[in-house]
Amino acid sequence: MEINVLIGGAAGQGMETIMNLLGKALVREDFGLIYTKDYMSRVRGGHNFSRLRIAPGQPWTTVESIDVLVALNEETYRKHSQNLVPSGRVIYDPELFSLPGDESRGVPVELKKLAEEAGGRVMANTVAVGALLVLMGLETSTVEELLKDTFAGKEGVAEKNIKALKAGYDSAARTCSACFELPAKNQDGKKLFIDGNQVVGMAALASGCRFLSAYPMTPATGIMNYLASKSPDYPVIVEQAEDEIAAINMALGAAYAGVRAMTCTSGGGFSLMAEGVSLAGMTETPLVIVVGMRPGPATGLPTRTEQADLEFILHSGHGEFPRAVLSATSHDDAFYRLNKAFELADRYQTPVFFLTDQNFADTHRSVGLYDFSRLGYNRFLAAESNFEKPYKRYRITESGISPRILPGQYEGETVLIDSDEHDEKGNIIEDASTRRTMVDKRMRKLNGMAEEMDEPDLYGDPHPEVLLIGWGSTYGVIREAVDALIARGIKSAMLHFSDLWPLPQKRLHSLLAEVKHSFCIENNAGGQLSKLIRRESGLSINSNILKYDGRPFLPDEIVKEVQNDL
Amino acid sequence: MTCKAEDYMTGETAWCPGCGNYDIREALAGALAELGLPPHQVLLVSGIGQAAKIPHYIKANGFNGLHGRALPPAVGAKVANKDLTVIVESGDGDSYGEGGNHFMHNIRRNPDLAHLVHDNQVYGLTKGQASPTSEPGMKTGVQVEGVTVPALNPLSLALVMGAGFVARCFSGEKDHLKATMKAAINFPGYALVDILQPCVSFNKVNTHGWYKNRVYFPEVEAPQDWAKAMDLSRQWGDQIPLGIFYNKPHQTFGESRAVLKGEPLSNRPFNPEELSSLQNDFL
């Protein structure tokens, strides 16, 4: 049993706040769910909608079919009613529009009128949520409790919303009763209701990030919001830079002087950071760069999703220097993965990328509590007995990693870093031999980094004939597609990359030799991981399944494409 | 630990004989010595250019970054470790051209650092093109008909943006330069010192003699009169005033952020496990 809800309306109708409360309320009641947003790049008007799927366990993805359509305007009904299941219901305001020929599925609730009676038209969505609770067979109490928590200190807001919620509940209860069966509640402990940007923000703070400098850009801005909301209670400074060039250079200054630092942006803003990435590589300064991908080129589709910046990130910044590239695959893993990015950056003194996308950033899921004791805070600084005096920032070592101290840390010792090619002390050089030595030293760090990359996650049939390969935020959808394929008797498995560079290859070699057909599934037009695999391993993947319309994959789409190709 | 000026002098310079940078370097070494700042507590941040090589020639911590990008890492470093004395030193092209946006916005931000601009009104490292402060009419290999746009006035711009400390110096007036550097370093907040200097190789207009014949020290008793400072900043031509035109502290970036009170961020211990209550927001 599962319930799929779609709520839609115009931008500015305040859907987000109340849906976040509903999601949290359901998670508090131990239901597993996922909540995704599809919104336009505008502040008012247009057509925005959210999908909420409540399903057994912890569902990975939303689906196209709709059990309850909450249509705050007629456009929502017109656009989405074709995906209603036959037994589906439509919550709508009969004052705004009617459902000719579809009345039997309608749950008319005077959303606007009841909201106005409760204190304001903006609460129409709260009224609708009240009606939705009836259809799901739930009481209003948990949402009421959350309204009180959320609006504590805002005089009257909670009370008005509770009035609106109850009015919607009572109105719907007069005409119908519960028509959908909720899945069984989970019995495996408390769950968080959290979106991708919040996961990244919380992981950064808990990894000891003390400085975030960034310029607002969808879909990464939520990371800034989260960390800013934690200052000054926690020792973190969030600085909105004048541009992305300043953002990355500020972060580098902070990292050099001794704190864990991060910047976050999307592709367009990251384009401005490219020279700074190169500076991090040359000066061997640890830095975590979160890039929340969205469709380009240029401004592209600002509020939608894509995975088209992998090649750009792999090659960004002029010259050659070591970097690591990790990605956010799921809300569960991303928390620890971002911590790994900080650890790698500090250990190898080089830029480390963390790739997310709009699909991950804006999606809320129910996830188990995180284990903060698994997080590392190892700064990999040299103890006083472990560096030669006078200190040389770029001392040649076998690993390529030079002992690092901080400016001001030891009396008499100074730390000089330079964007010009330099000698061990950090002073400008131009001679060929020092140049070669320094390039070799920096590039040697890649060997150590390669050892630290996690092999891609393998899920599904232990001896698959069909292999679905992916990376980043497609983890959940490919996993559900594999489940569906297995249910149809196709021996299939998923091989999913979170660590992308240096590219881990062991499982690729063993599995691709074994399977009959391999697919690479990516939200881009070029098949970027597919090409990377071929370039690095010499292995070819049979088919690419690519989607680049700005929307995330649905499991059914993948299943259909796979079956067509077999 | 006390240091003498010569203790700060290090490295083999790559500047032309007669370059104003030598005087600026000596003045800085003298200023640091007289302020009693040991090298490990000083951070010099620069961009790219002849002036930006200074971290290689002064014994201190150094961040020799990208062209135009000296101010942003300096701000980040000061946030991370407020105990460092942070000095940004770069040229006019770096500070006012490539880095113009950072110049404007850091005046607003008001970080506690001194910004010492070697202003020779020309690009040296790329061999003689116009800089934002080049005078109209100056011919170069790129500006073949002469510079056709007016020069940027960094001091007026700084005053308009609300800078708390605005000064002009000349590399040929070394004692004054040193005293002004000390005042800028001690000033709580963003302190701009625009230092006129000859470029012996590429600026044949604004030579040492050209400056020497024009600079003078006006009487400025208490430099807290913004209109007077603005007047001084706009004087150029036959008479070029030197001095601290404006000196009036206001809230710094560091003072505006509660988190930065107390121990420097870089020194504070941390244990991730203590933050597990962050999850309560999402329950």
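Let me begin with a definition: the expected span of a helix is 1.5 Å times one less than its number of residues. Helices (H or I, at least four residues) and strands (E, at least two) are DSSP runs, numbered from the N terminus. At 1.5 Å a residue, helix α1 of chain A, residues 15-28, should span 20 Å with its 14 residues, and this agrees with its end C-alpha atoms, which are 20 Å apart.

A word on the source: this is a predicted model, in which local features need pLDDT of at least 70, side-chain atom pairs count only at pLDDT 80 or more, and totals for chains, interfaces and linings use all residues. Residues are numbered from 1 along each chain as its sequence is written, while chains are lettered from A and ligands numbered from 1 in the order in which they are written.

To return to α1(A), the helix is mostly covered, with ten of its 14 residues buried (20 or more other C-beta atoms, placed from the backbone, within 10 Å of the residue's own). Among the buried residues are A:M15, A:I18, A:L22 and A:K24. Just after α1(A), A:D30 takes a positive phi of about 75°.

I turn now to the sheet of chain A. Seven strands form an open sheet in the order β9-β8-β10-β11-β13-β12-β19, with mixed pairing; two strands pair if DSSP finds at least two bridges between them. At the edges are β9 (237-240) and β19 (499-501) of chain A, each pairing on one side only. Neighbouring strands of this sheet are turned by 20° against each other on average, direction ignored. Axes here are lines fitted to C-alpha atoms, for helices over the stretch in contact, and angles run from 0 to 180 degrees between N-to-C directions. Within the sheet, β8(A) (209-214) and β10(A) (260-265) run parallel and are joined by three bridges; A:F211 has A:A261 as its bridge partner in β10(A).

Two helices lie across these strands. Helix α9(A), residues 244-256, lies across β8, β9, β10 and β11 of chain A, at about 165° to β10(A). Helix α12(A), residues 331-348, lies across β8, β10, β11, β12 and β13 of chain A, at about 160° to β13(A).

Next, the interface. How many residues of chain A are in contact with chain B? There are 58, and they meet 48 residues of chain B, where contact requires C-beta atoms, placed from the backbone, within 7 Å. The largest share of the chain A side, nine residues, comes from α9(A).

Three bridges join β15(A) to β2(B) (61-64), which run parallel, and A:D418 stands opposite B:N64. Further in, β1(B) (42-46) and β3(B) (85-91) pair in the parallel sense over four bridges, with B:I87 the partner of B:L44.

The axes of α2(B) (71-80) and α4(B) (100-109) come within 10 Å and cross at roughly 30°. The two helices are therefore roughly parallel to each other, a term for angles under 35 degrees. In their contact, B:L71, B:P72 and B:V75 of α2(B) meet B:H102, B:F103, B:N106 and B:R109 of α4(B).

Definitions and conventions: Parallel < 35°, antiparallel > 145°, perpendicular 65-115°, else oblique. Buried ≥ 20, exposed ≤ 12 C-beta atoms within 10 Å, placed from the backbone.
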